Amino acid sequence: MDEVRLYNSTAERETYENMAALYAIVTSLEYLERAFARDSVSASEYTAECNKLLLQHKSVSQMIGHEDLKTFSSKYRLNCPAASRRLEVGIPSTIEHGNSSGSSGNNAKYVAKTVQDFITIMDALNMEMRSVDKLHPLLTDLLQSINAAAFLPADFRWKSSFRDWLIALNRMKASDELDDNQVRQLLFEVEQAYSDFKNILESNE
């Protein structure tokens with residue numbers, strides 16, 4: 001029987017290899033999410049591996065220029081709802097929801113880190129830094145610090161707001177930029193969150 005070739009050129013071969021890599025990344029992320037939900041992997045191990053898979057997915061996706069994940073999953077019969085959710089958010093669950101098992105609190109260390117993250121992103125926005133690849137890590141750091149601040153209420157309203165911003169940024173290309181209205185809105189929300197943060201901190205002293 002003659003060998004069936006999937007490609008006729010080096011470029012086509014590379015495309016198929018990248019698609020196979022993408023399939024493997026999504027599948028691995030699905031197993032990781034399920035393992036973390038079953039408490040079969042530690043929070044630190046999960047966070048490190050999830051960040052790695054999210055970065056790999058973004059890199060391979062850009063090389064392929066493939067259709068959205070829903071179309072890709074349907075086309076190749078990929079049933080990975082947990083991975084799809086994680087890829088939509090773009091950050092590990094430990095950062096999205098916080099990690100109650102980790103050490104956190106209202107001591108000077110955590111307060112200083114959160115204040116620093118607030119000031120950093122406000123300065124970036126005031127200096128008109130608006131590209132996705134610059135703002136996404138700053139907003140991720142801020143959300144992670146807020147989640148680590150044990151004195152903040154679990155329903156601190158800015159957590160969901162910043163998660164929504166991260167989801168929106170994750171759907172954009174790294175080189176995309178926020179427009180003037182988006183920058184103004186994000187800066188407004190960060191400033192309001194910082195004000196609420198300080199008020200809650202003072203009330204707990």
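## Helix H7

The expected span of a helix is 1.5 Å times one less than its number of residues. H7 has 17 residues, and its first and last C-alpha atoms lie 24 Å apart, close to the expected 24 Å. Helices here are DSSP runs (H or I, at least four residues), numbered from the N terminus. This is a predicted model: local features need pLDDT of at least 70, side-chain atom pairs count only at pLDDT 80 or more, and totals for chains, interfaces and linings use all residues. Residues are numbered from 1 along each chain as its sequence is written, and side-chain values use heavy atoms, with hydrogens and water left out.

H7 is mostly covered, with twelve of its 17 residues buried. Buried means under 20% relative accessible area, exposed over 50%, and partly exposed in between (1.4 Å probe, protein chains only). Among the buried residues of H7 are Leu138, Ser145 and Ala148. The cover over the buried residues of H7 includes helix H5 (93–96), H6 and H8.

## Packing of H7 on H8

H7 (residues 132–148) packs against H8 (residues 158–170) at an angle of about 155°, with the axes 10 Å apart. That makes the two helices, H7 and H8, roughly antiparallel, a term for angles over 145 degrees. Axes are lines fitted to C-alpha atoms, for helices over the stretch in contact, and angles run from 0 to 180 degrees between N-to-C directions. The crossing of H7 and H8 is left-handed: the near helix is turned anticlockwise from the far one by less than a right angle.

On the H7 side, the contact includes Val132, Leu135, His136 and Leu139. H8 contributes residues including Phe162, Trp165, Leu166 and Leu169. Contact means heavy atoms within 4.5 Å. The contact residues divide into ten nonpolar, four polar and two charged. Ala, Val, Leu, Ile, Met, Phe, Trp, Tyr, Cys and Pro count as nonpolar, Asp, Glu, Lys and Arg as charged, and the others, Gly among them, as polar.

## Positive phi in two loops

Asp39 sits in the loop between helix H1 (10–37) and helix H2 (43–64). Its phi is near 65°, a positive value in a residue other than glycine. Asp39 is exposed, at 66% relative accessible area.

Glu128 is in the loop between helix H6 (108–126) and H7. Glu128 is not a glycine, yet its phi is positive, about 60°. Its relative accessibility is 57%, so Glu128 counts as exposed.

Asn18 belongs to helix H1. Asn18 is buried, with a relative accessible area of 13%. Neighbours within four places in sequence aside, Asn18 is in contact with Val60, Met63 and Ile64.

Conventions. Angles under 35 degrees count as roughly parallel, over 145 as roughly antiparallel, 65 to 115 as roughly perpendicular and the rest as oblique.
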